[in-house]
Amino acid sequence: MKTGHITQTYKVSRDTLRFYIKKGLLAPTIQEGQYSWSEQDCQELENILQLRELGLSIKVIQRMKEVHDTMCGTREQWLENRHVLQNEIAERKKMIEQLEKQIHNMSGLIEQLDKKLAGRE
C-alpha cells in the first residue's frame, strides 16, 4: 500500500507516519523513493494508534515494542508490559490528584468572588 492510502485509512498525517518511522516504531520498505506498507506495517500502525488512544507516550510505546521484539510471547514480556502499564496508571493517579487540588483551589476562589459580589449588590 502507498502512504496516501494509509493516511486515509487510518486518519493519520504523513508527518505522524514519518515521526513514527523516525522513532523506530514503524519500518515500511522503500520502493522507488516511496514507502510501501505491508500488512504487518499496517498491523503495527494499528497497535501504535490503539496505544496512543490509551494515552501512552511514544517513549512507553517504544519500550513496549522493544520488549515485544525481543521477548515476544514470553512471561518476561507480559511482566514488563504489566510493569509499564502499572507505572502509567500511577502517573495518571498523580495527575488526577493534582487536578483535584487545582479544582478545589479554584472553587475556593469562586467562593471568595461570590462573597464579594454578594456584598456589592
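## Aromatic pairs

Buried means under 20% relative accessible area, exposed over 50%, and partly exposed in between. The model is a predicted one, and a search of the whole structure finds 2 aromatic pairs in it.

Phe-19 and Tyr-20 form a tilted pair, with 6.2 Å from centre to centre and 55° between the planes. Phe-19 has a relative accessible area of 35% and is therefore partly exposed, whereas Tyr-20, at 5% relative accessibility, counts as buried. Tyr-35 and Trp-37 form a tilted pair as well, at 6.2 Å centre to centre and with 55° between the planes. Here Tyr-35 is partly exposed because its relative accessibility is 28%, while Trp-37, with a relative accessible area of 3%, is buried.

## Nonpolar core

The largest nonpolar core has 18 residues, of which Ile-6, Leu-17, Tyr-20, Leu-26 and Leu-45 touch the most other members. At least two residues of this core come from each of α1 (3-10), α2 (14-22), α3 and α4, and α4 gives the largest share, 4 residues.

When its neighbours within four places in sequence are left aside, Leu-45 is in contact with Ile-6, Tyr-10, Leu-17, Tyr-20 and Leu-26.

## Largest pocket

The largest pocket holds about 340 Å³ of space. It is lined by 15 residues, and the closest to its centre are Glu-44, Asn-47, Leu-51, Lys-65 and His-68. Two or more lining residues come from each of α3 (39-53), α4 (58-71) and α5 (75-120), with the largest share, 7 residues, supplied by α3. By residue class, the lining divides into 5 nonpolar, 7 polar and 3 charged residues.

Key
Residues numbered from 1 in each chain as written. Predicted model: local features only at pLDDT ≥ 70, side-chain atom pairs only at ≥ 80, totals over all residues. Heavy atoms only, no water. 1 Å grid on protein atoms, 1.4 Å probe; cavity = no way out; pocket = protein on both sides within 12 Å on 5 of 7 lines; lining within 4 Å. Points joined across faces, edges and corners; volume = space filled by probe spheres on them. Nonpolar A, V, L, I, M, F, W, Y, C, P; charged D, E, K, R; others polar. Core = buried A, V, L, I, M, F, W, Y, C linked by side-chain atoms within 4.5 Å. Buried < 20%, exposed > 50% of the residue type's maximum accessible area, 1.4 Å probe, protein only. Contact = heavy atoms within 4.5 Å. Phe/Tyr/Trp six-rings, centres within 6.5 Å; stacked < 30°, edge-to-face > 60°.
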